[in-house]
Amino acid sequence: MLNVWYKDTNKEELIKRAAIYGPLRNVLAQKTCKILSEWKQTENRWFLESGTLLGAYRGAMIPHDDDFDLGVVPRRKSEGHGDSPDNIFSAEETMEEFLEVMCKKFQSAGLHARVTKTYNKKVEVFDPEHGKFDLGPGVDFHHVTVDVTVFPLHPEKSECITHPHYTMGHVCIPWNELFPTESIMYEKLEFQAPKNVQLTLESFYGYLGKDSCFNPETNLYEKKKPEGDTNSN
């Protein structure tokens, strides 16, 4: 399924953009990850997520991907509680202050960055040299962008992490399935990934097989039923 922002965009056009800008996004992502790795609040706490993680899992970039996706579960503070769930932002806590601090961290390293909260709690690291396009009234997006999304604690399950995107409230990943992170290859480059990549992706998307169909009621993919099968169980 295409990003909801691109409902009026030709898929072939997205594929052309990805072929041009994908390698540039990878370079920008390496710079972004280096900063996250060297910062106490985020070292060993970042990983590929969403479409970028799915591409790594499948062995190649999603042909129509529009950005590079990173997730981070930052330490609320660098001292105390170490790497336990007690040192993670809760879903109820405001993360605006941390997002601004992280944004300035990227800017101080010479990168262009901005906080966006249109549909997600994230920092966009971008390269303005390659242009941008309008997504809708008051919303634009750069062709070369690395999204850094902050994952909070699940509001009901204290040992799990959730996703702040407005369509991904179903995400519930146990802490010990995310960390410690492991290395993964993406477009011949090495990055960090959740400890259990398949479980993480299934939490995001549901069924991962090619014989899948999207259920708009759950925002998850399901295995297609054989033709003529009307059994809902």
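Which strands does helix α3 (residues 96-108) lie across, and at about what angle does α3 run to β3?

**Figure 1. Overall view of the predicted model and its secondary structure.** The protein contains five helices and 13 strands. Of its 233 residues, 47% count as buried. Among contacts between residues at least 6 apart in sequence, 56% join residues at least 24 apart. A search of the whole structure finds zero disulfides. Two cysteines may be located in this view: C103 counts as buried, at 5% relative accessibility, whereas C213 is partly exposed, with a relative accessible area of 32%.

**Figure 2. The open sheet of five strands.** The strand order is β1-β2-β7-β4-β3, and the pairing is mixed. β1 and β3 (112-116) are the edge strands, each pairing on one side only. From one strand to the next, the twist averages 25°. Strands of a sheet pair through backbone hydrogen bonds, in either a parallel or an antiparallel sense.

**Figure 3. Helices α1 and α3 against the strands.** Helix α3 (residues 96-108) lies across β2, β3, β4 and β7, and it runs at about 170° to β3. Helix α1 lies across β1, β2 (68-72), β4 and β7 (145-150). The angle between α1 and β7 is about 35°.

**Figure 4. Helix α2 and its buried residues.** Helix α2 spans residues 50-58 and is mostly covered, with seven of its nine residues buried. The buried residues are S50, G51, T52, L53, L54, G55 and A56. They pack against β1, β2, β10, β11 and α5 (197-205). S50 belongs to α2 and has a phi near 50°, a positive value in a residue other than glycine. With a relative accessible area of 10%, S50 is buried, because the cut-off for that class is under 20%. After α2 comes G59, whose phi is also positive, near 100°.

**Figure 5. The hairpin of β10 and β11.** Strands β10 and β11 (residues 189-193) pair in the antiparallel sense over five bridges. M185 has E190 of β11 as its bridge partner. Two residues lie between the strands of this hairpin, and E187 in the turn has a positive phi of about 55°. Both β10 and β11 are among the elements against which the buried residues of α2 pack.

Figure 6. The peptide bond from F179 to P180 is cis, with omega near 0°. The phi of N44 is near 60°, a positive value in a residue other than glycine.

**Figure 7. The second largest pocket.** This pocket has a volume of about 190 Å³. Its lining comprises 13 residues, of which L28, K31, L111, F126 and D127 lie nearest the centre. Helix α1 gives the most to the lining, with five residues.

**Figure 8. The largest cavity.** The count of cavities of 30 Å³ or more comes to one. The largest cavity has a volume of about 50 Å³. Eleven residues line this cavity, and L14, R17, R25, D65 and D66 lie nearest its centre. Helix α1 gives the most to the cavity lining, with four residues. The helix that contributes most here, α1, also gives the most to the lining of the second largest pocket and lies across β1, β2, β4 and β7 of the sheet.

Conventions. Residues are numbered from 1 along each chain as its sequence is written. This is a predicted model: local features need pLDDT of at least 70, side-chain atom pairs count only at pLDDT 80 or more; totals for chains, interfaces and linings use all residues. Side-chain values use heavy atoms; hydrogens and water are left out. Buried means under 20% relative accessible area, exposed over 50%, partly exposed in between (1.4 Å probe, protein chains only). Two strands pair if DSSP finds at least two bridges between them. Axes are lines fitted to C-alpha atoms, for helices over the stretch in contact, and angles run from 0 to 180 degrees between N-to-C directions. Contact means heavy atoms within 4.5 Å. A disulfide is a pair of cysteine sulfur atoms within 2.5 Å. On a 1 Å grid over the protein atoms alone, a cavity is a set of points where a 1.4 Å probe fits but cannot get out, and a pocket is an open set with protein on both sides within 12 Å along at least five of seven lines; lining residues have an atom within 4 Å of a point. Grid points are joined across faces, edges and corners, and a volume is the space filled by probe spheres set on the points.
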